[in-house]
Structure formats: structure tokens, C-alpha cells
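I set down here what I looked up in this structure, entry by entry.

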Amino acid sequence: MRVLIVNGPNLNLLGTRQPDVYGSETLADVENLCRAHAPNATLTFVQSNHEGAMIDAIHLARSTQDGIIINAGAYTHTSIALRDAISSVELPCVEVHLSNIHARETFRHHSYLAPVSLGQIAGFGTQSYTLALDALQAHLDKLQ
Ligand code: DQA
């Protein structure tokens, strides 16, 4: 399977950013973990602090990927534009978060992306990404 893994704002700081909440692993560690977990998958990683760049990456995925895994960071809770981008490309999408957003501040409880995603995986640290890869693979296998 071909998967676009999109990381949004501030996730480039993973490892040094609030390690008590997000852990000490970096975004490069997440990428290595995913590649080791799914060696037969073709994984494309994009990180951007800019909403429009994330939307452009999602649009490009329409013709190049089988699915999307997205940690949209704080845009999860604010961005109707990202939600519309995911609906528009009609690719299966899994929403991930390192932290359990439902156990945190109330403004993090709502996700604009959840209704247009296959599901949401939150609270398992970097393992949220490998769980998302497994979920996406299982979904694509079912379609075969
Ligand atoms: C996050 C949770 C968001 O609420 C926050 O804004 C982030 C990271 C997570 O991975 O836990 O930037 O998406």
C-alpha cells in the first residue's frame, strides 16, 4: 500500500516539545518506526506548519496514494479546510494523535477530521502511527 503520512504544526519539534505530554521521540523516530513496522508499504512523510501546504499534500495524494494517515496537530480542532480536503480526495484516512486528546483540555475534544476519517487513534504515543498503519492495511485488504 502507498500511504501519505501528514504531520501538522509543531510536530517538527517532537522530542523537545512538552516531552511529558508527547514523549522524547522525534519525528524522525516516528518515521523510522513506521518504515520498520511496514517494510512493504511505500510511505511518504510530509510535515508542515502551514495549513495550505498540508492541503496541497492531501490533494496530491488523490492520484498517488492508497490512503492517508494524519496528525493535524492543533488544526484538528480548527480546520474545516483540512476536513474538506480529506473529503474531496476520497481516500481512506486515519486520524492519529500521540496524546489522548479526550483526556486533555475540552478544546481538544472536538475533531473536525474525525467524521471524514475511518477512525481516530489517540493516546498511544508513537505507537498511534503503527496502529494507524495496521488499521489502514486491514481496511484496504477488506476492499480487495
Ligand atoms: C496532537 C494533539 C493536539 O491537540 C495538539 O495540538 C498537537 C498534537 C497529538 O498528537 O497529541 O499538536 O495532535
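**Entry 1, sheet and helices.** I found helix α3 (residues 51–64) lying across β1, β2 and β3, and its direction runs at about 175° to β1. The model is predicted: local features need pLDDT of at least 70 and side-chain atom pairs count only at pLDDT 80 or more, while totals for chains, interfaces and linings use all residues. Residues are numbered from 1 along each chain as its sequence is written, and side-chain values use heavy atoms, with hydrogens and water left out. Helices (H or I, at least four residues) and strands (E, at least two) are DSSP runs, numbered from the N terminus. Axes are lines fitted to C-alpha atoms, for helices over the stretch in contact, and angles run from 0 to 180 degrees between N-to-C directions.

I then traced the open sheet, in which five strands follow the order β2-β1-β3-β4-β5 with parallel pairing; two strands pair if DSSP finds at least two bridges between them. Strands β2 (42–47) and β5 (119–122) stand at the edges with a single partner strand each, so one side of each has no neighbour in the sheet. On average, neighbouring strands are turned by 20° against each other, direction ignored. Strand β1 (residues 2–7) pairs with β3 (residues 67–71) over five bridges, in the parallel sense. Leu4 stands opposite Ile68 in β3. Helix α2 also packs on the sheet, touching β1 and β2, and its direction makes about 165° with that of β2.

From α2, Val30, Leu33, Cys34 and His37 meet Gln127, Tyr129, Thr130, Leu133 and Asp134 of α5; contact means heavy atoms within 4.5 Å.

My search of the whole structure found zero disulfides (a pair of cysteine sulfur atoms within 2.5 Å). Cys34 is buried at a relative accessible area of 0%, and Cys93 counts as buried at 1%. Buried means under 20% relative accessible area, exposed over 50%, partly exposed in between (1.4 Å probe, protein chains only).

I located Ala85 in helix α4 (residues 80–89), where Ala85 is buried at 3% relative accessibility. Leaving aside neighbours within four places in sequence, Ala85 is in contact with Ile55, Ile58 and His59. Ala85 and Asp56 are 29 residues apart in sequence and 8.6 Å apart in space, C-alpha to C-alpha.
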